[in-house]
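Look at the structure below before reading on.

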Amino acid sequence: MAVQNHPQHHPRFRFPSLHRTGTAQAATDTTAATTAARAYAFASLRLLTGFVFLWAFLDKTFGFGYATPSGKGWIDGGSPTKGFLSSVAAGPMESTFHDWAGAGWANWLFMLGLLGVGIALVAGVALRLAAVAGTAMMALMWIAEWPPAKHLSDGTLSMSSNPFADYHLIYAVVLIALAAAGAGVTWGLGKLWATLPIVRDHTWLK
């Protein structure tokens, strides 16, 4: 009788690949570092933008002598909108802005907008609302300055440096980006804000 020898398969122990493990760990560390850097960058941008809005509110309210002369602040009886809106000299809403200049409702809406957007950005809460309100403000101010105009209504050069992209447009894009990125979590109260029952039930308040 012939005896056939069948090859036997013995399980072999394999050491884990240090190269692969090291590569995966390095990739994980790189991703984590990139995520953290992005979060800190957005948080820094949020705080700086918030300070821009808050400072504008404070200077126009108290007249610190920068954009608003001392003694001409809102609390001194000055108007936060009269100087800017009455000087509009181009665009399709020129006469409308002149009518709005110095109106009580316009002053209150403008100042509450600056304050609300500034506080929301600095605190890292209600960024979606801040983006909507801030973008509306920036759109109106863009129309008031009307960058597409080469000449003002009196025929003089407008000195516009770009027919479309000015700082109002940039601020609006920044506000939208901060809201979309959920930038209120890092260095802000965004995470705590999101746990409030009213915010959980109405996500547009985030």
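A pocket is found on a 1 Å grid over the protein atoms alone: it is an open set of points where a 1.4 Å probe fits, with protein on both sides within 12 Å along at least five of seven lines. Lining residues have an atom within 4 Å of a point. Grid points are joined across faces, edges and corners, and a volume is the space filled by probe spheres set on the points.

This is a predicted model, in which local features need pLDDT of at least 70, side-chain atom pairs count only at pLDDT 80 or more, and totals for chains, interfaces and linings use all residues. Residues are numbered from 1 along each chain as its sequence is written, and side-chain values use heavy atoms, with hydrogens and water left out.

Which helices supply the lining of the largest pocket? At least two residues each come from α1 (18-62), α2 (82-86), α3 (94-100), α4 (104-123), α5 and α6. The largest share, 8 residues, comes from α5.

The second largest pocket holds about 250 Å³ of space. It is lined by 18 residues, and the closest to its centre are Ala144, Glu145, Trp146, Pro147 and Ser158.

The table sorts both linings by class. Ala, Val, Leu, Ile, Met, Phe, Trp, Tyr, Cys and Pro count as nonpolar, Asp, Glu, Lys and Arg as charged, and the others, Gly among them, as polar.

## The overall fold

The protein has 8 helices and 0 strands. Helices (H or I, at least four residues) and strands (E, at least two) are DSSP runs, numbered from the N terminus. Along the sequence, the pattern reads α-α-α-α-α-α-α-α.

How much of the protein is buried? Of its 206 residues, 28% count as buried. Buried means under 20% relative accessible area, exposed means over 50%, and partly exposed is in between (1.4 Å probe, protein chains only).

Contact means heavy atoms within 4.5 Å. Take the contacts in the protein with a separation of 6 or more: residues 24 or more positions apart account for 62% of them.

## A packed pair of helices

Two packed helices are described by the angle between their axes and the distance between the axes. Axes are lines fitted to C-alpha atoms, for helices over the stretch in contact, and angles run from 0 to 180 degrees between N-to-C directions.

Helix α5 (residues 127-145) and helix α6 (residues 167-181) pack at about 170 degrees, with axes 8 Å apart. The pair is therefore roughly antiparallel, a term for angles over 145 degrees. Among the residues in contact are Gly134, Met138 and Trp142 of α5 and Tyr171, Leu175 and Ala179 of α6. By class, this contact has 13 nonpolar, 3 polar and 2 charged residues.

Threonine 49 sits in helix α1. Its relative accessibility is 5%, so threonine 49 counts as buried. Beyond its neighbours within four places in sequence, threonine 49 is in contact with Leu121, Tyr171, Val174 and Leu175.

Valine 52 is also found in helix α1. Valine 52 is partly exposed because its relative accessible area is 35%. Its C-alpha atom is 10.0 Å from that of tyrosine 171, which is 119 residues away along the chain.

Now turn to helix α4, which holds asparagine 107. Is asparagine 107 buried or exposed? It counts as buried, at 7% relative accessibility. Leaving out residues up to four places away in sequence, asparagine 107 touches Trp74, Ser79, Pro80, Thr81 and Gly102.

Leucine 115 lies in helix α4. At 24% relative accessibility, leucine 115 is partly exposed. With residues up to four places away left out, leucine 115 touches Leu54 and Phe57.

## The loop between α5 and α6

Tryptophan 146 is in this loop. Its phi is near 45 degrees, a positive value in a residue other than glycine. Methionine 159 lies in the loop between α5 and α6, and its phi is near 65 degrees. Tryptophan 146 is partly exposed at 24% relative accessibility, while methionine 159 is exposed at 68% relative accessible area.

Definitions and conventions. Parallel < 35°, antiparallel > 145°, perpendicular 65-115°, else oblique.
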